[in-house]
Each structure stands twice: as structure tokens, then as C-alpha cells.
Amino acid sequence: MAYGVSTAENCPAPEYDNGSWKGQDERKAMTIDFVAIATPLVERGFRVTPVHPETKMGCMRNWQKHQATTPDEVLRHAKYYPHHNVGVVGKRGVGRHCFLDVDAKGVIERIESETKQTMPKVYRVKSSPMSKPYKTHFYFKQTPYSFEKFGGWEAVNSNVKDMTTLDDGKHPTLYDLKGVGGGSFVVGAGSVKENGEVYTCVDDGPVPEIPKWLVDWLVKDIDKYWEAVDAEKAAKLALKEAEQKKYTPDERVQMRRKNLPEGFDIYFEDRYEYLYKRLCTLSSMGLRARSLEVALTDLLENDVVGGK
């Protein structure tokens, strides 16, 4: 299953018990009003889709292809998702929306410093306005220039991480470029987080075309990010190959039994990518959910540092 995608089976229409989600606090459930959130967004020309309030995943089957664009369509969706949040959807194509989703401090300052430009006044939404005010969604429209530079019909959305540091064993995200590839969304203004914070529009300005200078910076920075990713992978591969030559297979088996890092082939921070690739392979072989769980658990324990 692709990142940010959920089928109807995985995210079904909510069950109700006297107007609230079963197993959920009624007051929390009732604070989210899909119609109230989605209607002003479609009236602004945005394409929207229901989003699960806990997982931030799209709930409708094929939401990447089918979004609500009118108040009447919002009302039809609300029959099944009355207390869900709202995602604003972008997808590759000239004139379609795209989003710069800033996730870390200093990103905007670096963009402005390196380009000698000032970020334009655009429609902006703060995803954590109280706890993390730097987390911001910038809304743009794609242009012929951006469409070509981002890769045309082969363009993909990008998640750019800070390769210089680790947070809980993972490189933290700096920003996402969404909507320039396959269907992708940002959670819309008015939606409610689990901690009660509300996605807040802090600049209700226009949604302009994405500037050429920003496109050029993003292309360059994303390329630099992937160069750093490749360099890190090469360094890790070289280290693992050196460990494999240094110890015999039997010695490495004993190391794995003792949960020593030298006995494993996959670093802890690479576990998600490793397991996802194996998941795709095993799924294509027809393994069911329970069998997949057993197989992936075995792979995690046998191959990944700290997997046990």
C-alpha cells in the first residue's frame, strides 16, 4: 500500500452508537464536522477527500482519482464520513495544485538565503500552530515550467530528510513536495489533530503559480538530497561488506543470537524501507495478512539490527 493511501476496507465508514464513534469519546468525535471543513475549501477551488482523524490517511477507494469539488459532492461524502478531517489534493498537471509542506525549523530561511528571494505571500496553513508553528503548508499552482522541471508525467512527490542527523534512529523530515506526482494531499484548514490543535489558515491569500526560482531551488535541493542518500547507502554497504569479510558466517550467526550489530545486514534506521520492499515481493506471491506478518517478523529479527 502506497504511502498516504488507504482502501475502504482499511479505513471504513465509521460505526455509530448514538451519534459517536464506537470506542471513541463522543465529544471528541463531534468536534470534527466534515461538511463545515470541506465546504469553504471546495468553494475556493480545492479538490478534497475525507481523511481519517487519527491516521491522516485518505479513506475513499481511489481517492487519488476522485475528489469532491462542489458542495453537493461534499454532502454526499458526509453521509459516510461526517466526522472526518479533510485533505486538499494535488496531482501532477499544469494548473493543478501542489504543496510545499515544511516540517522543520530553518527551511524557509535557508530557501530565502540561498535564492536571495522572499517567499511569496500565498495561501498558507499551519499544521501545529501552537506547538510547532514552523510547520507550514504553502499552496501553489503548477506551471508548464514546473511541470517540466519536476519530471513531467514521470514526476514524483518528494520527501526530503535531514541526512546530517538522526532522531529515534531515523533521519527527520525537512519538507515534502506534494502534488507534483501521483495523487497526494495536505490536511486542510479546519481539520482537528488528535491533540486538539486545529490546522489553521494563517494567510488567506491567493494560490499563485509556483515561482521559477523556487522550482529551480527545489530541483537542485532534491537532487542534492538523493546524492546524500546514495552516499550514505554506499558507505553502509561498504561497512557491512567489511564485516562479512571480517567474520565467518558461523560467527555472525552467534552475533545475531547475542543481538550484536555486527551480525546483522540491515541497519535499524533502514528497517522500514527494507521491510516495505520485502512486503511488495511477498504480496505479489499471494501471501495473506497473517502469513505476511509472520514472514516480516522473521525478516526483522534475522536481518535488522535491534530487530528482536
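**Exercise 1. Lys236 and its partners**

Task: Classify Glu232 as buried, partly exposed or exposed, then work out which side chains Lys236 meets in salt bridges.

Solution. 
1. In this predicted model, Glu232 has a relative accessibility of 24% and therefore counts as partly exposed, since the partly exposed class lies between the buried limit of under 20% and the exposed limit of over 50%.
2. The side chain of Glu232 forms a salt bridge with that of Lys236, at 3.5 Å from N to O.
3. Both residues belong to helix 6 (residues 212-246); they are four residues apart, so about one helical turn separates Glu232 from Lys236.
4. Lys236 has a relative accessible area of 12%, which means that Lys236 is buried.
5. A salt bridge also joins the side chains of Lys236 and Asp270, with an N to O distance of 3.0 Å.
6. This second pair links distant parts of the chain: Lys236 is in helix 6, while Asp270 is 34 residues away in the loop between helix 7 (249-257) and helix 8 (271-284).
7. Asp270 is partly exposed, because its relative accessible area is 22%.

**Exercise 2. The nonpolar cores**

Task: Which members of the largest nonpolar core touch the most other members, and which element gives the most to this core?

Solution. 
1. The largest nonpolar core has 30 residues, of which Leu41, Phe46, Val48, Tyr123 and Tyr139 touch the most other members.
2. At least two residues of this core come from each of helix 2 (34-43), strand 3 (47-51), helix 3, strand 4 (85-90) and strand 10 (184-187).
3. Helix 2 gives the most, with five residues.
4. Take Val48 as an example: neighbours within four places in sequence aside, Val48 is in contact with Ala38, Leu41, Val42, Gln67, Ala68, Val74, Val86 and Gly87.
5. There is also a second, separate core of 28 residues; Ala104, Ile108, Ala155 and Leu177 are among them.
6. As background, nonpolar side chains in soluble globular proteins tend to be buried together.

**Exercise 3. Helix 2 against helix 3**

Task: Determine how helix 2 and helix 3 are oriented to each other and which residues make the contact.

Solution. 
1. The two helix axes come within 9 Å and cross at roughly 155 degrees.
2. An angle over 145 degrees counts as roughly antiparallel, so helix 2 and helix 3 are roughly antiparallel to each other.
3. The crossing of helix 2 past helix 3 is right-handed.
4. Helix 2 makes the contact through Phe34, Val35, Ala38, Thr39, Val42 and Glu43, and helix 3 through Pro71, Val74, Leu75, His77 and Ala78.
5. Leu75, located in helix 3 (residues 71-78), has 46% relative accessibility and therefore counts as partly exposed.
6. Leu75 and Phe34 are 41 residues apart in sequence, with 8.8 Å between their C-alpha atoms.

Terms used. Residues numbered from 1 in each chain as written. Predicted model: local features only at pLDDT ≥ 70, side-chain atom pairs only at ≥ 80, totals over all residues. Heavy atoms only, no water. Buried < 20%, exposed > 50% of the residue type's maximum accessible area, 1.4 Å probe, protein only. Salt bridge = Lys/Arg side-chain N within 4 Å of Asp/Glu carboxyl O. Core = buried A, V, L, I, M, F, W, Y, C linked by side-chain atoms within 4.5 Å. Contact = heavy atoms within 4.5 Å. Axes fitted to C-alpha atoms, helices over the stretch in contact; angles between N-to-C directions. Parallel < 35°, antiparallel > 145°, perpendicular 65-115°, else oblique. Left-handed = near helix turned anticlockwise from the far one by under 90°.
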